[in-house]
Amino acid sequence: MALVILSCLIISCKKNVRHEEAAPEISGEQVYLIVDQIISGDILKLGLSEPYGLAESRDGSVFVVDRGSNRVIRFNSDLKPENQIGGYGLGTESLNRPTFLVVDNGLNIYVSDENNRRVARFDARLNYVDNIKFADEEDPFRFGYPSGIGVTSYGEVWVADREKNKICLFNNIGRFDKFLGDFGSPEGQLANPEKIVADIDGKFYVCDAGQRRLVIYDEFGNYIRKLVFANVDYLIAAAIEKNFIWILDGAKSLILFTDKNGKVLEQFGPILSGDNTELKQPSDLILLRDGRLLISDGGNRRILVCRIVRGGSE
């Protein structure tokens with residue numbers, strides 16, 4: 001009888017362990033993330049409401065989508081606000097729940113204007129240029145709502161369709177070309193694709209949030225490989241270094257620092273060093289040219305400016 005009871009206890013323990021979520025294996029590179037500055041409050045006479053997408057241009061200007069106030073704000077390289085565009089509406093200079101944005105080599109800013117179902121293009125001073133319609137009058141079910149954006153070196157625009165679970169490619173004059181990541185593709189059907197990030201080699205990393213993975217393509221749309229992060233709940237954004245990747249989990253409010261094969265080296269959050277408030281609904285992060293990391297902490301209506309300390313010394 002004692003043997004039977006002991007056996008049952010062992011089986012019960014094994015069942016309990018099986019349902020626990022394993023912690024990510026942390027090893028290797030010593031990296032620390034320290035909050036040095038918080039951007040919040042009134043920005044150009046309007047309160048920062050829900051910072052969402054982030055991007056930096058070649059001259060060091062930083063562009064921020066404030067989804068809550070339907071605008072894009074331009075900061076200079078010292079992170080001082082200079083000008084803005086937007087406001088709720090349907091007009092060419094208006095926005096309706098914008099999300100991500102990207103800056104191309106020609107200093108054009110592409111903004112994902114979600115509820116207006118378009119990608120709006122502005123110049124470096126935030127003057128309106130034109131837009132790509134994310135809709136098809138002949139086939140109203142062809143496109144859903146735009147999310148992340150990428151631009152190739154030859155001007156092709158990639159747009160993540162979060163609703164239809166695929167990537168839509170438009171040529172350099174704004175005409176639809178093809179889909180990536182749809183049913184039957186080599187990488188499999190995407191699920192809730194979010195931010196699209198390009199690295200210095202021209203590869204594109206799609207944050208396939210619903211499947212906890214990064215899907216990697218060359219700039220012609222050829223599938224290369226995927227990195228799966230089993231302990232991430234919602235992989236909403238990433239930032240790419242030469243040898244490392246920063247991953248943002250929008251559901252758990254965590255930041256992972258990994259190698260190029262997806263091995264987790266460090267994990268940060270929900271509270272970061274130098275701050276005493278948990279991240280809340282973070283949506284994007286970017287590496288600045290000066291080596292700092294910016295994080296949009298939308299649920300707390302703020303942007304965090306973080307110093308990255310490597311190798312255990314400040």
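**Note on a predicted single-chain model**

1. Not counting residues up to four places away in sequence, Arg 74 touches Asp 59, Ser 61, Val 62, Phe 63, Lys 80, Pro 81, Glu 82, Asn 83, Ala 124, Arg 125 and Leu 126, where a contact means heavy atoms within 4.5 Å. This is a predicted model, in which local features need pLDDT of at least 70 and side-chain atom pairs count only at pLDDT 80 or more, whereas totals for chains, interfaces and linings use all residues. Residues are numbered from 1 along each chain as its sequence is written, and side-chain values use heavy atoms, with hydrogens and water left out.

2. Arg 74 belongs to strand 6 (residues 71-75); helices (H or I, at least four residues) and strands (E, at least two) are DSSP runs, numbered from the N terminus. With a relative accessible area of 7%, Arg 74 is buried, given that buried means under 20% relative accessible area, exposed over 50% and partly exposed in between (1.4 Å probe, protein chains only). Its side chain makes a polar contact with the side chain of Glu 82 at 2.3 Å, and a polar atom of the Arg 74 side chain lies 3.2 Å from the backbone oxygen of Ala 124. A polar contact is a pair of N or O atoms within 3.5 Å; within protein, one must be able to donate a hydrogen and the other to accept it, and residues adjacent in sequence count only if both atoms are side-chain atoms. The C-alpha atoms of Arg 74 and Arg 125 are separated by 8.0 Å, although these residues are 51 residues apart along the chain.

3. For the fold as a whole, the protein chain has one helix and 26 strands. Of its 314 residues, 51% count as buried, and residues 24 or more positions apart account for 45% of the contacts with a separation of 6 or more.

4. The largest nonpolar core has 36 residues, and those with the most contacts inside it are Leu 33, Val 72, Trp 246, Ile 255, Leu 272 and Leu 285. Another core, apart from that one, has 15 residues, among them Val 197, Ile 216, Leu 227 and Ile 240. A nonpolar core here is a set of buried Ala, Val, Leu, Ile, Met, Phe, Trp, Tyr and Cys residues joined through side-chain atoms within 4.5 Å.

5. The largest pocket holds about 1,100 Å³ of space and is lined by 39 residues, of which Glu 56, Val 103, Val 197, Ala 198 and Arg 289 lie nearest its centre. The elements that give two or more residues to this lining are strand 4 (51-56), strand 8 (98-103), strand 12 (146-151), strand 16 (193-198), strand 20 (235-240) and strand 24 (282-287). By class, the lining of the largest pocket has 20 nonpolar, nine polar and 10 charged residues, where Ala, Val, Leu, Ile, Met, Phe, Trp, Tyr, Cys and Pro count as nonpolar, Asp, Glu, Lys and Arg as charged, and the others, Gly among them, as polar. On a 1 Å grid over the protein atoms alone, a pocket is an open set of points where a 1.4 Å probe fits, with protein on both sides within 12 Å along at least five of seven lines, and lining residues have an atom within 4 Å of a point. Grid points are joined across faces, edges and corners, and a volume is the space filled by probe spheres set on the points.

6. The second largest pocket, with about 160 Å³ of space, is lined by 13 residues, of which Arg 121, Asp 130, Ile 132, Ile 173 and Gly 174 lie nearest its centre. Strand 10 (118-122) and strand 11 (128-133) are the elements that give two or more residues to this lining.

7. Some backbone values deserve a look. Most residues other than glycine have a negative phi, and most peptide bonds are trans. A cis peptide bond, with omega about 0°, joins Gly 269 and Pro 270, and Pro 270 lies in the loop between strand 23 (264-268) and strand 24. Gln 281 is also found in the loop between strand 23 and strand 24; its phi is near 55°, a positive value in a residue other than glycine, and at 53% relative accessibility Gln 281 counts as exposed.

8. Ser 253 sits in the loop between strand 21 (244-249) and strand 22 (254-259) and is buried, with a relative accessible area of 7%. Not counting residues up to four places away in sequence, the residues that Ser 253 touches include Gly 269, Pro 270 and Gln 281. A polar atom of the Ser 253 side chain lies 3.2 Å from the backbone oxygen of Leu 279.
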